[in-house]
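Subject: Structure handover

Hi,

Here is the structure I promised to pass on. Please open it first, then read the notes below.

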Amino acid sequence: VQDGTSASSAGLKVGDVITKVDGEKVLSIAHLRYLLYKHSVGETIKVTYVRGTAEKTIDIELTQNRE
């Protein structure tokens, strides 16, 4: 998770495991990228993740990739 990104602003941290995007199960890192690419900058998505033993769902507004 890079500083200044939508993910960091929403509270995701290094070590969090993203398990779902908009309710769809994430099967791999490639699948996660696919799920993200289905959306446009400015859209808000629901991301479910696991930190330790706790599962949480947050809303993240997608922003332009700075790379």
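Some ground rules. This is a predicted model: local features need pLDDT of at least 70, side-chain atom pairs count only at pLDDT 80 or more, and totals for chains, interfaces and linings use all residues. Residues are numbered from 1 along each chain as its sequence is written, and side-chain values use heavy atoms, with hydrogens and water left out.

Overall build

The protein has 2 helices and 4 strands. Along the sequence they follow the pattern α-β-β-α-β-β. Helices (H or I, at least four residues) and strands (E, at least two) are DSSP runs, numbered from the N terminus. The radius of gyration is 11 Å, which agrees with the value near 11 Å for a compact globule of 67 residues. That radius is taken over C-alpha atoms, and the globule rule is 2.2 Å times the number of residues to the power 0.38. The C-alpha atoms fill a box of roughly 30 × 25 × 20 Å along the principal axes.

The sheet

The 4 strands make an open sheet, ordered β2-β1-β3-β4, with antiparallel pairing. Strands pair if DSSP finds at least two bridges between them. β2 (24-25) and β4 (54-61) are the edge strands, each pairing on one side only. Strand β3 (residues 44-51) runs antiparallel to β4, joined by 8 bridges. Ile-45 has Ile-60 as its bridge partner in β4. Thr-48 stands opposite Thr-57. β3 and β4 form a hairpin with 2 residues between them, and Gly-52 in the turn has a positive phi of about 65°.

Helix α2

In α2 (residues 29-37), the buried residues are His-31, Leu-32 and Leu-35. Seen down the helix axis, they fall within an arc of 105°, so they line one face. The arc is that of the directions from the helix axis to the C-beta atoms. β1 (17-21) and β2 are among what covers them. On the other side, Ile-29 and Tyr-37 are exposed. Buried means under 20% relative accessible area, exposed over 50%, partly exposed in between (1.4 Å probe, protein chains only).

Best wishes

Notes. Contact means heavy atoms within 4.5 Å.
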